[in-house]
Amino acid sequence: MLFATVMAIFFLFLIGGGLFVNSLSIIKEKGLWTLLTTSNWRPFKGDFGFASYIISTLYVTGIAIIIALPLSLLTSVYIIEYASPGILRAFSSVVDLLSGIPPVIYGVWGTLTIVPFISEKVAPHFNALSTGYSVLAGGIVLAIMITPLIISILMEVFLAVPKEMREASMSLGATKWQTVKKVVLRKSVPGIVAATVLAISRAFGETIAVLMVCGNFTDIPKSIFDACYPIPALIANNYGEMMSVPKYESALMLAAFLLFFIIVVFNVISRLVLVQIDKRYKL
Amino acid sequence: MKRLEELFFKCLMIGSTVVLLSVLLYILFVVIEKGLPSLSWEMISQIPGGGFYLGKEGGILNAIIGSLYLIFFSVIISLMISVPVVMYLNFTLRRKSRFAAFARLTFDVLFGIPSIVYGAFGFTVMIFFGLQASLLGGIIAVSMLIIPVMIRSIDEVAVLISPDLVEATKSLGATNYETLKVIIRQLLPGISTAVLLSIGRGIGDAATVLFTAGYTDSIPTSLTQPTATLPLAIFFQLSSPIDEVQNRAYSAALVLTIIILILSFSARYFSRRLSKNKI
Amino acid sequence: MELIIDPLISEVPKSKVKNPSRSLKTHIIVEKLNLFIQGNHILRDINMSIPDKSITCIIGPSGCGKTTLLRAFNRLHDDSVDVKITGKLFVDGEDIYAKDTEVTHIRKKMGLLAQRPCPLPMSILENVVYGPRIHGVRGKRKLYEIARNQLLAVGLWNEVKDRLKSPASRLSLGQQQRLCLARGLAVEPEIILGDEATSALDPISSKTIEELFLSIKEKYTVVLVTHTLRQAKRIADYVAFMYLGELVEFGTSDQIFNHPKHQLTREYISGGFS
């Protein structure tokens, strides 16, 4: 049993190590800085500039968070602070269901509804031309995918605020909303931040749903209606070719390692914060 | 003024809750609306025929069976690793052990790693061992993906089991093996929930199997053969320019969604039964 | 069970009553109050008059409903879905459970000190001025003055005047409870409610809080739930004894402790059960 546990833990480092080792050859050849900041991507010529993919990833994730965070906050506050226990139970089921839907289904739905919506209704409204396969589409689909995660964490964080604190505020004559604003939310700031960071890391790594709606076009997107090409999509789309071109495999492994590294760091920090909150609650 | 502000935010809050609910319903509605017309008995009982990708006969049985094989073996492997790990964390180590905390942190982090990374790593492992894209490759990748899910889920239940139970059993003279059986019996509902959750996670994931399982029109007969999977079936068919084929993608999506819904409800049902029987 | 309501009697027993209250006006009148939690009859037909500007202690074995009653005074049960309340509760002649009463207005009249000190997640200064701010008081100077006055009143000023902006959670438990009292006083209430306010504190801090209660009763009506008879003996002017959700006996401290009229009261006082 000890062996299994140690193996499982070691596993994390194994993945990191494995990916890193495989990316070494291209790092050695081009240098990490060049790889991260140039945007020339011509594998057959030996150019591997990740910049536009990194920017795409950030862009799409940014839009997703801007949409998802307010939505999740508002909903969680309502469910925990205002709604009856029956609604809370029912809503937990909704959240579970949403988080269980496979990414590929979100991709299908996104292609069927969000993409045409953007190209026919939204973009013309802003006088922009768009196929619909865009940063915005990716952002919207991602936002819906990460919302259940944020909500489930926020629900626990809000529940961890001691009842006495709310009562103290109300006993001083504050209304429910004032209590929520000035006490509950204030106490929950670390938890909210942790939830956001975790959601960002989830959004970074989402592959198939984004791939289906983002357009897979390499140039740096200039507006949210342009197509984009986040890193996971890059890896997924090109695995077939990577064996044929030298250094291509290494480049894609570097992409995977970058994802891995950032996500691990974000996860470790958020989880540590959440454990702290948990500890204080249990006391 | 205060009243206005409270009212305003209350409207926003209820509004966003409604939006979320509507989105879920909308997604289900679209999947059903698009998928139902093309769903037929042939779809789920036949493998692709000759001109399947050009719109002719056949079905997605290859993907359905492939996914089932894949998840079946992955779950078995995961169980073999997850259960001992959870047992160790909860019943051998002390509750407050630093090592246990560190282990749990690691597993939470592994839980958060996206499936594409598992796919890429699985691919590396396969190259290392000289494997081709195959059922085995897929199994390796999917197992890696669901082990953290399973550990987390079983652990959640295991922490609730009082350590007194173990001591009481041991003090009655039970051997280690018999104590194990008692604990596992307690854990059983939790394990079933974990299995259901892991199946839900693993069966619908495309990025893990993209590199590692390959794709084929037939049902694999050995571990070294490539296999089709439901998510990839949906993905590949969707990219086709032919309407017929796209419609099939939708019905495949519907099949997958139905499987997931059944799994979700069963998991909820089991976990509710579990909490009723808590000691 | 007989209900004994005494405070309106003109003779005031002199011995053992510390600082007998000047006026025998009643501040809170409870009339036929019944409270149900999930169908269970927790408070049974309570009729009680709490005298003005004095300390009333509610005593009784655990589970008798004293905390539930106290919380009914400032309508803290409003948010619990399972709680049903019938009857009337008059504060200054106004029934707080009447249909149209505004609850924040009621709560402003009362300060609550909970069992475990509960500082809000902000600095010491912000804690004290939280109440006034909520009710519209503005201006840094004005708020600072309020904070200073209340912290002086509870004897915390000298200990915290140099670190008003630091988080309130860094104070010791005894200091936190005094901070909560200052916070409650800052909204200029008329009534102070204490729910076993000293049970989480060490003896010295408990004594400080008790002394504070004694000092403020000139200006405020104090109602305390206390789980120790000794505390009631030390500071109460009036005592209400509750058992299994009913008010068994109410009287001055001297009456209850030295001449209890009811059998149950006698047994409880002599330590027969808890």
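**Domains and chain contacts in a predicted model**

Me: In this predicted model, which residues make up domain 1 and domain 2 of chain C?
Reply: The domain assignment of chain C gives two entries, and domain 1 is written in three segments, 1-9 + 18-109 + 189-274. Domain 2 is given as residues 120-188.

Me: How many residues does each domain of chain C bring to the contact between them, and which helix gives the most to the side of domain 1?
Reply: Taken over C-alpha atoms, the centres of domain 1 and domain 2 of chain C are separated by 26 Å. The contact takes 11 residues from domain 1 of chain C and 11 residues from domain 2 of chain C. On the side of domain 1 that touches domain 2, the residues divide by class into 7 nonpolar, 2 polar and 2 charged. The element that gives the most to this side, with 4 residues, is helix 7 (residues 203-216) of chain C.

Me: Which pair of chains has the most contacts?
Reply: Chain B and chain C do not touch, their nearest C-alpha atoms being 10 Å apart. Chain A does touch chain C, with 17 residues of chain A in contact with 20 residues of chain C, while 59 residues of chain A are in contact with 60 residues of chain B. Among the 2 pairs of chains that touch, the most contacts are between chains A and B.

Me: Which helix of chain A supplies the largest share of the side that touches chain B?
Reply: Several helices of chain A each supply at least two residues of this side, including helix 3 (51-82), helix 6 (135-159) and helix 12 (248-282). By class, the side of chain A that touches chain B has 41 nonpolar, 14 polar and 4 charged residues. The largest share, 11 residues, comes from helix 1 of chain A.

Me: How is helix 5 of chain A oriented to helix 1 of chain B?
Reply: Helix 5 (residues 103-125) of chain A packs with helix 1 (residues 2-35) of chain B, their axes lying 10 Å apart. Chain A contributes I105(A), W109(A), L112(A) and T113(A) to this contact, and chain B contributes I27(B), V30(B), V31(B) and K34(B). Because the angle between the two helices is about 80°, helix 5 of chain A is, relative to helix 1 of chain B, roughly perpendicular.

Me: Which helix of chain A supplies the largest share of the side that touches chain C?
Reply: Helix 7 (163-171) and helix 8 (176-187) of chain A each supply at least two residues of that side, which by class has 7 nonpolar, 6 polar and 4 charged residues. The largest share, 7 residues, comes from helix 7 of chain A.

Note on methods
Residues are numbered from 1 along each chain as its sequence is written. Chains are lettered from A and ligands numbered from 1 in the order in which they are written. This is a predicted model: local features need pLDDT of at least 70, side-chain atom pairs count only at pLDDT 80 or more; totals for chains, interfaces and linings use all residues. Domain bounds come from an automatic or database domain assignment. Two residues are in contact if their C-beta atoms, placed from the backbone, lie within 7 Å. Ala, Val, Leu, Ile, Met, Phe, Trp, Tyr, Cys and Pro count as nonpolar, Asp, Glu, Lys and Arg as charged, and the others, Gly among them, as polar. Axes are lines fitted to C-alpha atoms, for helices over the stretch in contact, and angles run from 0 to 180 degrees between N-to-C directions. Angles under 35 degrees count as roughly parallel, over 145 as roughly antiparallel, 65 to 115 as roughly perpendicular and the rest as oblique.
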